[in-house]
Amino acid sequence: MGVILVVDDEPLQREILKNILSDEGYEAHAASSGEEAVKMVRSVNPDVVLTDLKMKQIDGIELMEKIKSEGELPAVILMTAFGSVSSAVEAMKKGAFDYLTKPLEKEMVLLTVRRALNTAELLRKNRELRDALYDKIGINEIVCKSGVMKEVVKVIQKVSDTSVTVLILGESGTGKELVTRAIHFGSSRASKPFTAINCAAIPENLLESELFGCEPGAFTGASARRAGLFEASNGGTVFLDEIGDLPLLTQSKILRILQEKEVRRLGGRDAIRIDVRIIAATNKDLEKEIKNGRFREDLYYRLRIVTIDLPPLRERREDIPELAGHFLEKYNREFGKRIRGVQEPVMKAFLEYHWPGNIRQMESVIERAVLMCEGSTVSMKEIKGELRTSQKQEILDLELPDEGINFEEFENELLKKAMAKANNVAAKAAKLLGMSYKTFWYRWEKLNAGNSSPKKEDVP
Ligand SMILES: Nc1ncnc2c1ncn2[C@@H]1O[C@H](COP(=O)(O)OP(=O)(O)OP(=O)(O)O)[C@@H](O)[C@H]1O
Ligand SMILES: [Mg+2]
């Protein structure tokens with residue numbers, strides 16, 4: 001397998017080469033000039049460009065320079081007439097993969113092309129291996145003990161090998177990017193680029209040229225021709241993180257990519273066909289954004305064909321022990337430690353905590369604990385202070401159960417707790433609950449808990 005572009009202004013030569021390569025099982029394309037070749041490199045995204053050196057207007061070396069200046073990756077093989085070896089050497093210096101001298105021999109052509117493809121493959125593999133540790137997260141890396149997460153994993157499996165657009169919703173740190181990567185690396189696009197774009201992080205004036213690329217003079221300062229991130233991700237997946245922060249005008253261009261499957265560089269005339277899968281994520285309420293005129297409704301409907309809702313960690317506490325084990329193992333490996341687990345009070349604290357930063361927060365708590373831990377298990381000492389948030393927040397975060405609560409019972413519990421903490425000094429207990437002594441005493445009497453009456457001498 002491999003995509004090869006043949007460039008030659010001589011029709012017969014061009015056709016013969018194209019046929020030889022097609023017969024060999026390659027996807028072969030042909031261009032009759034350097035200009036045409038530049039366009040085709042963008043549209044067919046070849047692995048190898050086999051070009052004649054001498055052509056009118058743009059010659060082979062110029063073509064190669066153009067391709068490279070646009071950040072394209074194909075290996076370039078130059079074909080030179082017998083005797084013009086010096087220009088071939090020059091071409092090699094400028095980064096050509098190899099050169100062939102005419103008259104061409106079929107076997108020599110095929111051999112060189114195969115070598116170029118192998119090298120490209122090796123380079124790609126190498127890049128992948130380097131990234132593997134962090135980037136190639138597959139579905140197996142997703143901890144999913146809870147019912148909701150098991151469902152999420154099922155959806156991921158179902159949509160992975162389609163090109164369907166997916167919208168992922170969830171608070172910060174709930175695993176939106178992890179899910180996106182699992183979809184990409186579980187799909188046939190896995191060997192193609194995965195590009196994550198944080199729409200909120202790129203300044204608005206740079207965003208469009210980053211995404212869509214630009215032609216020289218498209219705006220002040222745009223001197224070079226450049227491919228955008230969408231073009232560069234051709235064949236792969238683009239992750240639009242924080243899509244709720246995208247300006248309206250840019251939203252309409254994204255919609256165009258979804259509908260027409262083409263992009264137009266800023267200042268460019270021709271639309272460029274691309275094949276990318278889009279996965280979007282946000283923790284904003286997009287329907288509210290639509291009502292406020294900040295998000296396009298038509299784009300929203302295109303994006304949410306499949307929606308994955310990642311609940312906050314506090315709503316899927318069954319995942320907590322497993323996640324703890326997962327991260328413990330990860331950081332044991334990273335720091336070369338052998339911590340066996342977390343002590344019971346630690347697990348209890350984990351299970352009760354409301355995790356405002358969700359899984360990301362849990363990961364960093366455990367990372368730090370593993371680093372600090374001197375014993376064989378993580379104790380409260382290592383997580384002390386890490387789980388602190390305002391308790392008020394924690395109480396406010398509690399959801400009322402469906403069956404409701406008994407308010408008076410709660411009130412009485414609080415009165416008792418305050419009294420215990422104040423060592424039965426009613427004035428102190430009142431202060432703890434932010435009430436006057438009179439109010440406290442009145443309620444305390446009403447509760448009539450009896451066995452712990454306040455010390456008389458403390459009553460002011
Ligand atoms: N179910 C899970 N199993 C294992 N690891 C997880 C899980 N969910 C999240 N993580 C890990 O938690 C960290 C945060 O996840 P991720 O970056 O995907 O969250 P996010 O939703 O994109 O967050 P943000 O909104 O802050 O960008 C990552 O290191 C990720 O690998
Ligand atoms: Mg993220």
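Me: How many helices and strands does the secondary structure of the protein come to?
Reply: The count is 20 helices and 16 strands. Both are DSSP runs numbered from the N terminus, helices being H or I with at least four residues and strands E with at least two. This is a predicted model: local features need pLDDT of at least 70, side-chain atom pairs count only at pLDDT 80 or more, and totals for chains, interfaces and linings use all residues. Residues are numbered from 1 along each chain as its sequence is written, chains are lettered from A and ligands numbered from 1 in the order in which they are written, and side-chain values use heavy atoms, with hydrogens and water left out.

Me: What share of the residues is buried?
Reply: Buried residues make up 43% of the 460 in the protein. Buried means under 20% relative accessible area, exposed means over 50%, and partly exposed is in between (1.4 Å probe, protein chains only).

Me: And what does the accessible surface come to?
Reply: About 25,300 Å², of which 51% belongs to carbon and sulfur atoms. Accessible areas come from the Shrake-Rupley method with a 1.4 Å probe; for residues, only the protein chains shown count as cover.

Me: Which residues make a nonpolar surface patch?
Reply: Leu400, Ile405, Phe407 and Phe410 make one of about 470 Å². Patch residues have over 30% relative accessible area and no salt bridge; like charges are joined within 9 Å, and nonpolar side chains (Val, Leu, Ile, Met, Phe, Trp, Tyr) within 5 Å.

Me: Where is Phe407 in that?
Reply: Phe407 is in helix H18, residues 407-421. Its relative accessibility is 60%, so Phe407 counts as exposed.

Me: Switching to H10. How many residues does it have?
Reply: H10 has 13 residues, 248-260. From first C-alpha to last it reaches 18 Å, close to the 18 Å expected at 1.5 Å a residue. The expected span is 1.5 Å times one less than the number of residues.

Me: Which residues of H10 are buried?
Reply: Thr250, Gln251, Ile254, Leu255, Ile257 and Leu258. Down the axis of H10 these buried residues fall within an arc of 155°, so they line one face of the helix. The arc is that of the directions from the helix axis to the C-beta atoms.

Me: What covers them?
Reply: The cover of the buried H10 residues includes helices H8 (204-212), H9 (229-232) and H12 (297-303). It also includes strands S10 (237-241), S11 (262-264) and S13 (277-282). Contact here means heavy atoms within 4.5 Å.

Me: What comes just after H10?
Reply: Lys261, with a positive phi of about 55°.

Me: Which peptide bond is cis?
Reply: The one from Lys102 to Pro103, with omega near -5°. Pro103 is in the loop between strand S5 (98-101) and helix H5 (106-135).

Me: OK, charges. How many salt bridges does the structure hold?
Reply: It holds 25. A salt bridge is a side-chain nitrogen of Lys or Arg within 4 Å of a carboxyl oxygen of Asp or Glu. Glu65, Glu90 and Lys94 are linked in a network of them.

Me: What does Glu177 pair with?
Reply: Glu177 forms a salt bridge with Arg181, the closest N and O atoms being 2.9 Å apart. Both lie in helix H7 (residues 176-185), four residues apart, about one turn of the helix.

Me: Is Arg181 buried or exposed?
Reply: Arg181 is buried, at 13% relative accessible area. Glu177 is partly exposed at 31%.

Me: And what about Glu352?
Reply: Glu352 forms a salt bridge with Lys348, closest N and O atoms 3.2 Å apart. The two are four residues apart in helix H14 (residues 344-352), so about one helical turn separates them.

Me: What does Arg368 bridge to?
Reply: Glu386, with the closest N and O atoms 3.4 Å apart. Arg368 lies in helix H15 (residues 358-372) and Glu386 in the loop between helix H16 (380-383) and helix H17 (391-397), so the pair ties together parts that are 18 residues apart in sequence.
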